[in-house]
Amino acid sequence: MNSHMIGYIISCLPDNDLRGQRLSFHNRQIGEWAAHTDIPLVVLAMGYQPHEYHNYLGGRLRYISLDQPVPPAEARNICLEDFYSSGYPWAALMDNDATLYHSPTHNSGYDFIAEMTAQIESYDEIGLFYPINPMQTPFRDRWNDSGYFTNHVFERGLAAKGTLVFVRNFPQVGRKPIYQDPAFTFMEDNAFALDVLASGQAVFQNWNMVLKELVPAGPLSFFGDTAGRGPLALAARQQMVAKFADDGLRLNRSGYPNTREMVTQCWPRKVPSMVVVPF
């Protein structure tokens, strides 16, 4: 079993007739991570019934159970507290539908985990990173450069999508633990990435993995259709700017954060904007 990385999944099943479908996608998620990686998995199971626990992985899978759901940031903090007290240097923090595209045409895919943990000391400059979100970031043209298939490429980026982020064990390397701000009820993981940057740690997008969300936007999603998220996102961006104003975060004319000054103030001086690790 992998001793360098652990996976945490927050799972709250909807209290409606879509519950069984969400659970089916979640069990598929567990199966993929178990089949393609060797990391242990911890599920924060909120409001589960006894028959809804996955019991096929033995000691590879552990549950933290809550009778009642808590908001996403609070749920993630329960996982972070467990992680920071563990012996694992890195954690993958996931929603209960997060997987990776995994095929010969999708770069490292799940193989990234083994490639990274085989030389874990090579990633000490990184505080938090996240995979490509194919809904926002075109990647095929970049992959015409063969270097993307022989190196792990990390490029400075702050648009972390909370479906899946990777974070290091800050206390293990003598740094303060960083938790999610429970004041954020939407885009809380984006705010978490900014908290990591504000603490002087580098935040990157990784170019070797592509996020695959098993549950599409729509009736099965907790947030409904993508179009309905706009007002929530705007309020969250304004909330982020208010919190990180002293660190240099501003809103541009389109209502999106301008991170230039925050990067100037907070980015660790010895860490480049692109980190390339051969594997």
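Reply: Two strands are taken to pair if DSSP finds at least two bridges between them. Strands (E, at least two residues) and helices (H or I, at least four) are themselves DSSP runs, numbered from the N terminus. The model is predicted, so that local features need a pLDDT of at least 70 and side-chain atom pairs count only at pLDDT 80 or more, whereas totals for chains, interfaces and linings use all residues. Residues are numbered from 1 along each chain as its sequence is written, and side-chain values rest on heavy atoms, with hydrogens and water left out.

The account begins with strand S1, residues 5–12. Seven of the eight residues of S1 are buried, so the strand is mostly covered; buried means under 20% relative accessible area, exposed means over 50%, and partly exposed lies in between, for a 1.4 Å probe and protein chains only. S1 runs parallel to strand S4 (residues 90–95), to which six bridges join it. Within this pairing, isoleucine 6 stands opposite alanine 91, and glycine 7 has alanine 92 as its bridge partner.

S1 also pairs in the parallel sense with strand S2 (residues 41–46), again over six bridges. Here tyrosine 8 faces valine 42 of S2. With helix H1 (residues 19–36), S1 and S2 make a right-handed β-α-β unit. A crossover is called right-handed if, with the strands pointing away from the viewer, the path from the first strand over the helix to the second runs clockwise.

S4 is likewise mostly covered, with five of its six residues buried. S4 pairs with strand S8 (164–168) as well, in the antiparallel sense and over five bridges.

The buried residues of H2 include Ala73, Ala75, Leu80, Phe83 and Tyr84. The buried residues of the helix pack against S1, S2, strand S3, S4, S8 and helix H4 (188–198), contact being defined as heavy atoms within 4.5 Å.

Tyrosine 84, in H2, counts as buried because its relative accessible area is 9%. Leaving out residues up to four places away in sequence, tyrosine 84 touches Arg168, Asn169, Phe170, Pro171, Pro177, Ile178, Tyr179 and Phe192.

Arginine 168 belongs to S8. At a relative accessible area of 6%, arginine 168 is therefore buried. Apart from neighbours within four places in sequence, its contacts include Phe83, Tyr84, Pro89, Trp90, Tyr123 and Asp124.

The rings of Phe, Tyr and Trp (its six-membered ring) pair if their centres lie within 6.5 Å; planes under 30 degrees apart count as stacked, over 60 as edge-to-face and the rest as tilted. By this criterion, the whole structure holds 20 aromatic pairs. One of them joins tyrosine 48 and tyrosine 53 in a tilted arrangement, at 5.3 Å centre to centre and 50° between the planes. Tyrosine 48 is buried because its relative accessibility is 9%, while tyrosine 53, at 27%, counts as partly exposed. Tyrosine 53 also forms an edge-to-face pair with tyrosine 63, at 4.7 Å and 85°. That pair links distant parts of the chain, ten residues apart: tyrosine 53 lies in the loop between S2 and strand S3 (61–66), and tyrosine 63 in S3.

Ring pairs also link Trp90, Phe112, Tyr123, Phe129, Phe154, Phe166, Phe204 and Trp267 into a cluster. Arginine 156 lies over the face of tryptophan 267, 4.8 Å from the ring centre; a charge sits over a ring if NZ of Lys or CZ of Arg is within 6 Å of the ring centre and within 35 degrees of the ring normal.
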